[in-house]
Amino acid sequence: MGKRLYVGNLPFSYTSANLESLFAGHGQVTSAQVVVDRMTNRSRGFGFVEFANPADADKAVQEMNG
């Protein structure tokens, strides 16, 4: 089973594709979604990334934290 990570402090210009490419180097990403405002359709500055392998998710947290 995969592991889902919360990712905060994203630039408002980020899309789900940007988020996926940011984390793709750390393992197999099964989904990446930037949360957008319903009214403005603008990024809310956070999103979620799901990895197929929990070890890859842990590795991404260690390398991307901060």
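1. Contact here means heavy atoms within 4.5 Å. In this predicted model, A57 touches K3, L5 and F51, leaving out residues up to four places away in sequence.

2. As general background, nonpolar side chains in soluble globular proteins tend to be buried together.

3. The largest pocket holds about 250 Å³ of space. Its lining consists of L5, Y6, V7, G8, L22, F23, A60, V61, M64, N65 and G66. Three elements each supply at least two residues of that lining: β1 (3–7), α1 (16–23) and α2 (54–64). By class, the lining has eight nonpolar and three polar residues, with no charged residues.

4. The salt-bridge count comes to one. The pair is D58 and K3, whose side chains meet at 2.6 Å, N to O. D58 sits in helix α2 and K3 in strand β1, so the bridge ties together parts that are 55 residues apart in sequence. D58 counts as partly exposed because its relative accessibility is 36%, and buried would need a value under 20%. K3, with a relative accessible area of 31%, is partly exposed as well. K3 is also one of the residues touched by A57.

5. F12 is found in the loop between β1 and α1. Is F12 buried, exposed or partly exposed? Its relative accessibility is 48%, so F12 counts as partly exposed; the exposed class begins over 50%. Leaving aside neighbours within four places in sequence, F12 is in contact with R42, S43, R44 and G45. Between F12 and A24, twelve residues apart in sequence, the C-alpha to C-alpha distance is 20 Å.

6. R44, one of the contacts of F12, is placed in strand β3. Which residues does R44 touch, not counting those up to four places away in sequence? They are F12, V35, V36 and D37. With a relative accessible area of 48%, R44 is partly exposed. R44 and S13 are 31 residues apart in sequence, and their C-alpha atoms are 9.6 Å apart in space.

7. Two backbone angles should be noted. Most residues other than glycine have a negative phi. N9 has a positive phi, near 60°, and is not a glycine. N41 likewise is not a glycine and has a positive phi of about 60°. N9 lies in the loop between β1 and α1, whereas N41 is in the loop between β2 and β3. N9 counts as exposed because its relative accessibility is 80%. N41 is exposed too, with a relative accessible area of 60%.

Methods: Residues are numbered from 1 along each chain as its sequence is written. This is a predicted model: local features need pLDDT of at least 70, side-chain atom pairs count only at pLDDT 80 or more; totals for chains, interfaces and linings use all residues. Side-chain values use heavy atoms; hydrogens and water are left out. On a 1 Å grid over the protein atoms alone, a cavity is a set of points where a 1.4 Å probe fits but cannot get out, and a pocket is an open set with protein on both sides within 12 Å along at least five of seven lines; lining residues have an atom within 4 Å of a point. Grid points are joined across faces, edges and corners, and a volume is the space filled by probe spheres set on the points. Helices (H or I, at least four residues) and strands (E, at least two) are DSSP runs, numbered from the N terminus. Ala, Val, Leu, Ile, Met, Phe, Trp, Tyr, Cys and Pro count as nonpolar, Asp, Glu, Lys and Arg as charged, and the others, Gly among them, as polar. Buried means under 20% relative accessible area, exposed over 50%, partly exposed in between (1.4 Å probe, protein chains only). A salt bridge is a side-chain nitrogen of Lys or Arg within 4 Å of a carboxyl oxygen of Asp or Glu.
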